[in-house]
Amino acid sequence: MRLEAVRKVYGDVAALDGVSLEVRGGDAVAVMGPSGSGKSTLLNMVAGLDKPTTGTVTVDGEDVGAKGEAALARFRRRRIGMVFQFFNLLDDLPALENVALAGRLVGVPARKARARALELLDELGIADRRAAYPAVLSGGERQRVGVARALMNRPALLLADEPTGALDSGTGEQVRDLLLDLNRKGQTVLLVTHDQALAGRCATRLVDFVDGRIVREVAQAREPVK
Ligand SMILES: Nc1ncnc2c1ncn2[C@@H]1O[C@H](COP(=O)(O)OP(=O)(O)OP(=O)(O)O)[C@@H](O)[C@H]1O
Ligand SMILES: [Mg+2]
């Protein structure tokens with residue numbers, strides 16, 4: 001994934017003010033910075049949910065900014081997995097169907113999608129919660145369903161915006177371990193977080209944002225797992 005000189009202007013606010021950033025396959029990059037510094041805007045550009053005012057965004061070899069709406073939606077569903085602070089699960093679908101739906105949306109037959117969804121829930125340790133609706137799941141369980149959904153179509157890039165932001169310290173820990181484990185298995189991850197423990201545990205690179213600009217970018221050795 002590569003951003004080149006990306007600017008995004010909303011009215012008279014430059015949410016991104018000339019950002020260049022490369023995330024290579026296998027990287028786990030954590031973006032940190034104060035509220036309003038442009039972190040979510042950055043993820044929105046990468047996911048093609050919004051277009052840069054100027055500059056280019058390339059993901060998995062494709063120019064995201066140049067795509068039309070339909071092509072972009074297809075690309076996003078197939079190549080990008082997104083994990084959200086507040087999970088964004090569908091309340092009227094059980095866990096398994098929330099995950100399987102991501103496959104159904106790219107044309108995977110129902111049975112195959114359910115089988116893959118179950119395999120993912122199993123890998124994430126919540127197969128026994130497959131029939132539960134989001135309302136009765138704990139925060140940590142909900143986020144694991146959210147991660148399973150994001151992984152459903154084997155994305156080139158996993159994006160996460162404050163994935164532990166709504167979790168208590170115990171369930172946050174599960175999600176930190178999970179993201180670390182996924183990256184160790186080769187999943188490329190770009191995450192935005194205020195959670196120092198998450199960044200310290202998971203990221204191979206740290207990027208600090210202030211006022212829509214990268215002010216620091218460092219490689220880091222991950223904290224050893226206890
Ligand atoms: N759709 C929008 N319309 C207008 N202004 C926006 C929009 N999205 C973001 N902004 C503005 O752009 C700036 C960056 O916002 P952004 O949401 O990217 O910050 P953030 O770093 O994710 O903050 P937080 O840590 O609070 O989530 C802010 O000034 C915000 O008000
Ligand atoms: Mg944000």
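This is a predicted model: local features need pLDDT of at least 70, side-chain atom pairs count only at pLDDT 80 or more; totals for chains, interfaces and linings use all residues.
Residues are numbered from 1 along each chain as its sequence is written, while chains are lettered from A and ligands numbered from 1 in the order in which they are written.

Let's start at ligand 1. The residues around it are Tyr10, Val13, Ala15, Gly33, Ser35, Gly36, Ser37, Gly38, Lys39, Ser40 and Thr41; a residue gets into this shell if its C-beta atom, placed from the backbone, lies within 6 Å of the molecule. By class, that gives three nonpolar, seven polar and one charged, where Ala, Val, Leu, Ile, Met, Phe, Trp, Tyr, Cys and Pro count as nonpolar, Asp, Glu, Lys and Arg as charged, and the others, Gly among them, as polar. Two elements, β2 (13–22) and α1 (39–46), each supply at least two shell residues, and the largest share, three residues, comes from α1. Element names follow DSSP runs numbered from the N terminus: helices are H or I with at least four residues, strands are E with at least two.

Four strands form an open, antiparallel sheet in the order β2-β1-β4-β5, with pairing taken to mean at least two DSSP bridges between two strands. Since β2 and β5 (62–63) stand at the edges with a single partner strand each, one side of each is left without a neighbour in the sheet. Strand β4 (residues 54–59) is joined to β5 by two bridges, and Thr58 has Asp63 in β5 as its bridge partner. In the loop between β4 and β5 you'll find Asp60, whose phi is positive, near 55°. Most residues other than glycine have a negative phi.

Now for the inside. The largest nonpolar core has 62 residues, and Val46, Val99, Ala148 and Leu159 have the most contacts inside it. Such a core is a set of buried Ala, Val, Leu, Ile, Met, Phe, Trp, Tyr and Cys residues joined through C-beta atoms within 7 Å. A residue is buried if 20 or more other C-beta atoms lie within 10 Å of its own, exposed if 12 or fewer, and partly exposed in between, with C-beta atoms placed from the backbone.

With 12 of its 13 residues buried, α5 is largely enclosed by the rest of the structure.

Helix α6 (residues 169–184) has 16 residues and reaches 22 Å from its first C-alpha to its last, close to the 22 Å expected, that is, 1.5 Å times one less than its number of residues. Gly172 sits in this helix and counts as buried, with 20 C-beta neighbours inside 10 Å. Beyond residues up to four places away in sequence, Gly172 touches Thr164, Leu167 and Asp195, contact meaning C-beta atoms, placed from the backbone, within 7 Å. After α6 comes Gly186, with a positive phi near 110°.

Phe87 counts as buried, with 21 C-beta neighbours inside 10 Å.

Notes. Two residues are in contact if their C-beta atoms, placed from the backbone, lie within 7 Å.
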